[in-house]
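Keep the structure open beside you as you read.

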Amino acid sequence: MFAFSPEIPAKVVEAYVGEYASGKSELSINRALDLKIQGRVVTLVDLDTVEPFYTLRPIKKMLEEKGLTVIGYSRENSFGLGETGAMLNPAARWALWREGDIILDIGYGVFGAQTLNLVEGANESAELRVIAVINYTRPMTDSPERITEYISQLGRVDAIVANTHLGNQTTTDIIKKGTQEILAVARKLNIPVDYLAVDENMRDLIEQEEFEVPVKFIHRYMPQALW
Amino acid sequence: MENVAPATPKSWYLPSKPHKFCPGCGHGIVLKALGEVIDELEIQDKTIFGCDIGCSLLSWDFFACDSTQTHHGRTTPVMVGIKRARPELITVGYMGDGGGYSIGSQHLLNAAVRNEKVTLILVNNTNYGMTGGQMAPTTLPGQKTETSPFGRDPELTGYPTKGPEFVAQLTPDNAYVARATVSKYKQLKRFLRNALRNQIEGNGFSFVEVLSTCPTNWRTNAQQTWHFLEDEMEKYFPVGELKSPFGKGEK
Amino acid sequence: MQKVITETKKAFMTGNETAAWAALVSGADVMFGYPITPQNEIMHYWTRLAPQYDRSFLQTEDEISAGFTVCGAVQSGKKAFTATAGPGNVLMQEPFGMAEGMRLPLVAIIQQRGGPSSGTVVYSQQEVTLTTFGGNGEGYRIVYSTSTHQEIYDYIIKGFNTAWKYRFPTFILGDGYQAKMREPLEMYDPAERGIKMVDTYPLIGLEGSIAASQRDPQHLCNIYSLEEELYEVVMKYSAEFEAISPELVEYEEKSCDDAEIIVVSHGVVSRAADDAVKALRAQGIKVGYFRPITLRPYPQKQLREAIAKSGAKKLLVAESAYGQLYRLTRQEIYGETVNIETLFMPGVGIVDYDIINKVKSIL
């Protein structure tokens, strides 16, 4: 039941939602770059409206050099924005009108996936998939009950990505335990788990056979920002 | 002939008497009314009295109730903090017109909007008494003070703040808002009692402005003092209940 | 009070979330706050979590009010705290002063941002002077400068105890980077570590009837009629602060025994200093690391000892400010003849290479 289709549809539209610091930005970037490497046209949209200054901005330029179109304010033109709660880049509102794949990095906040209401056409989009990123070591999602409650608050969720890690203290046991719990909840809620995200530095320690969902090794870009 | 001592509220703190307010000052009248109301409502043991900076500060040890001081204008948030932390206590903030309407106006305004379950008593004597008689938000047009030596000119400094009127606009129906005067003692007491009752019953924000006298800074004798209060202040600042959960309100 | 952490566990979080959880496990009853970046998620997480554990929150009209409501709540015997940054820290100096003057166990978490004025919302170490000595008094404050999420957690727990034990306002000084950074830490229940939370007690609203003459009324006071009255109070506070300072002082010292240069830094910059010292040592350069954890009281005796035992010729003060730690350090070790070199990077981060390069330039 954990569907993972290797075939990529004509147009990919994915919105990553989840807890603060759950790994939304990291997985959005990785996903966007994966698609880019396949020669596709990809736009990455920063939709963090609660604390916009701290999101993709510091690495925007680097991502653009890799061929992504990034919608979001860069450090240079983000004057004073950290003070204002909800700053939406006008280009983000019309992001779905663009050609090619669209990866939306939704910020955290009490509104969850409702942030997508800010994007024209999101609710009508046939391609849109809302993907919840869950890290089992985050206290707000550290038990089956809490994950269930959390996902129910998010609104629309089409798939889950299991992203359990403890930064540089991650062990295979932590990943296994977290993934098991997340899979169990997903099964109960009848939401597919797209894949298990694992830091590429742990490539040698993780066997695909041990997991019932595909393992995707990711590169960490965010630590390049100082926070 | 026997000495006849004036009746003293039980909730007064006797070691601090006689009090230190100027002769003819209205604070003594307000605090007597408040003391009698505290006695009648039997809330001495759970009343927290907080006073502002200014002449109201002279009341800091006036009552045999737990009391605290703070900074100019900040009595409102201190009372809010206490009430939020210990809702069973009855918090009474006592301040002047400078503390309430000027430096602490944002606290008054927002406590009213949030309908905080505290009682605030604001004594309006149309000037900053303790600092030497400067212009206050409540100084009447034409009134001389040390910082309006030619009389307050509304063109330059606006018109006097009408506190209860704006508080009434900001609060829901279960708030209590009134303006009293020290010239009508029984009414003053009634309003203070309603303001405390409203908090005791857990209804909402309670605010009483009391028009008061300041002969020292007005430089007035007894007759002139009373004239200014009754014929000038009470005309400009209408006395009555602006909002009361206890019936239609007394005009 | 319901236990928040039933078993010790590792968690991956930002510093602001860590602060909210730490306040919860410390048994804080109520938070008063006002939005300002970069401390907002402390409020966001506190407001989400507080109702689950029967705690409360009020968003006040400004930082002045947030500080004074904390003053009121702690007077009534409840464990209360606030969090702020930058211009909010400036506004809170007024209630912090009340807490100093009336010896109130106020706890505040400061996430420094750039200054002066609105500065940046991002990061700095420019609130050192303000947090240690702001206000119209003598700086009777206890200030812990954290450098990791684990420390944010540990020192918030400790900070509540310090505040209630000694009744001096207590600060956990972080910064925007620590606020937003993500890293793992161990979350635990203080009791599990043998940490007993200091009992709170009211200063007003006490047990016992005044009307029935069971006790005297409390008349708390922060203004005095005579110069001499205030003098006595200030002298008493000073003596008490100085007496407890030795037991409060905390610091970290590494590789100082034979150091020719000692790098002095605090907070998040000390992480870079630690890395730099290790790298320089690997290259055979004799450099040491000294980090005051308490900025107030300052570990001046320990720093003097480090200078004496190493015979270091130079200190290098590195900070994301233009000389705030430098001035503090200089006044605290007055009389030492060691030269003080500086690496001032106000409002921007310092990485190990910055320190390595600077050290090499002053060898």
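Apart from its neighbours within four places in sequence, C:Ser56 is in contact with B:Arg84, C:Val30 and C:Ala50. Keep in mind that you are looking at a predicted model. You will find C:Ser56 in strand β3 of chain C, which covers residues 56–59.

Is C:Ser56 buried, exposed or partly exposed? There are 18 other C-beta atoms within 10 Å of C:Ser56, so this residue is partly exposed; a buried residue would need 20 or more, and an exposed one 12 or fewer.

Now let's step back to the chains. Of the 2 pairs of chains that touch, chains B and C have the most contacts between them. Chain B gives 30 residues to this contact and chain C gives 35 residues. On the side of chain B that touches chain C, these elements each give two or more residues:

| Element of chain B | Residues |
|---|---|
| β2 | 66–69 |
| α2 | 75–85 |
| α4 | 105–113 |

Which element provides the largest share of that side of chain B? The answer is α2(B), with 8 residues. By type, the residues on this side of chain B are 13 nonpolar, 10 polar and 7 charged.

Finally, what about chain A and chain B? These chains do not touch, and their nearest C-alpha atoms are 21 Å apart.

Technical notes:
Residues numbered from 1 in each chain as written. Chains lettered and ligands numbered in written order. Predicted model: local features only at pLDDT ≥ 70, side-chain atom pairs only at ≥ 80, totals over all residues. Contact = placed C-beta atoms within 7 Å. Helix = DSSP H or I, 4+ residues; strand = E, 2+ residues; numbered from the N terminus. Nonpolar A, V, L, I, M, F, W, Y, C, P; charged D, E, K, R; others polar.
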